[in-house]
Amino acid sequence: MRQKMTTIKISTRLPEGLVREIDKMVGRGMFSNRSDFIKEAIRYYLRELKKEGITEEEQWVLSMIKPVLAEDWESEEDSFWDNY
């Protein structure tokens with residue numbers, strides 16, 4: 001049986017223009033909410049870093065967060081942000 005991953009809530013500030021672009025994609029149904037977009041963007045960025053070749057230390061950090069990013073989060077914590 002697959003163990004449920006614990007999610008950690010983080011806060012960040014983004015430029016207004018960037019948020020408008022994210023909201024457009026959410027509005028088109030490309031992502032279910034902002035949180036889903038941001039998680040997918042992080043996954044994409046980490047895959048790109050891996051392609052470029054990363055240091056041993058960066059590889060260690062990636063190995064620590066990879067299981068969390070692989071989890072398809074649909075938690076109550078995430079649903080809080082759906083209407084933002």
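Entry 1: I looked up Leu14 and placed it in the segment before α1. The model I am reading is predicted. At 37% relative accessibility, Leu14 counts as partly exposed, because the value falls between the 20% and 50% limits. I then found that Leu14, Leu18, Ile38 and Ile42 make a nonpolar surface patch of about 290 Å².

**Entry 2: overall layout.** I recorded 4 helices and 0 strands, running α-α-α-α from the N terminus on. Of the 84 residues in the protein, 18% are buried.

**Entry 3: helix α1.** I checked the span of α1: its 12 residues reach 16 Å from first C-alpha to last, close to the 16 Å expected at 1.5 Å a residue. After α1 comes Gly29, and I noted its positive phi, near 85 degrees.

**Entry 4: salt bridges.** My search of the whole structure gave 6 salt bridges. Within helix α1, Glu16 and Arg20 lie 4 residues apart, about one turn of the helix. Their closest N and O atoms are 2.9 Å apart. Glu16 is exposed at 60% relative accessible area, whereas Arg20 is partly exposed at 46%.

I next examined Asp23 and Arg34, whose side chains meet in a salt bridge at 2.6 Å, N to O. This pair links distant parts of the chain, with Asp23 in helix α1 and Arg34 in helix α2, 11 residues apart. Both are partly exposed: Asp23 at 29% and Arg34 at 26%.

In helix α2, I found Asp36 and Lys39 to be 3 residues apart, about one turn of the helix. Their side chains meet in a salt bridge at 3.8 Å, N to O. Asp36 counts as buried at 17%, and Lys39 is buried at 9%. I also noted that salt bridges with shared partners join Glu40, Arg43 and Arg47 into one network.

**Entry 5: the loop between α1 and α2.** I located Asn33 in the loop between α1 (16–27) and α2 (34–52). Asn33 is buried, with a relative accessible area of 6%. Its side chain reaches the backbone nitrogen of Asp36 at 2.7 Å.

**Entry 6: aromatic rings.** I found 1 aromatic pair in the structure. Phe31 and Phe37 form this pair, 5.1 Å centre to centre. The planes are 85 degrees apart, and the pair therefore counts as edge-to-face, for which the angle must be over 60 degrees. I recorded Phe31 as partly exposed at 21% relative accessibility and Phe37 as buried at 17%. The two labels differ because the limit for buried is under 20%.

Definitions and conventions:
Residues numbered from 1 in each chain as written. Predicted model: local features only at pLDDT ≥ 70, side-chain atom pairs only at ≥ 80, totals over all residues. Heavy atoms only, no water. Phe/Tyr/Trp six-rings, centres within 6.5 Å; stacked < 30°, edge-to-face > 60°. Buried < 20%, exposed > 50% of the residue type's maximum accessible area, 1.4 Å probe, protein only. Helix = DSSP H or I, 4+ residues; strand = E, 2+ residues; numbered from the N terminus. Polar contact = N/O pair within 3.5 Å; in protein donor to acceptor, adjacent residues only side chain to side chain. Expected span 1.5 Å × (residues − 1). Patch = residues over 30% accessible without salt bridge, like charges linked within 9 Å, V, L, I, M, F, W, Y side chains within 5 Å. Areas by Shrake-Rupley, 256 points an atom, 1.4 Å probe, with all protein chains shown as cover. Salt bridge = Lys/Arg side-chain N within 4 Å of Asp/Glu carboxyl O.
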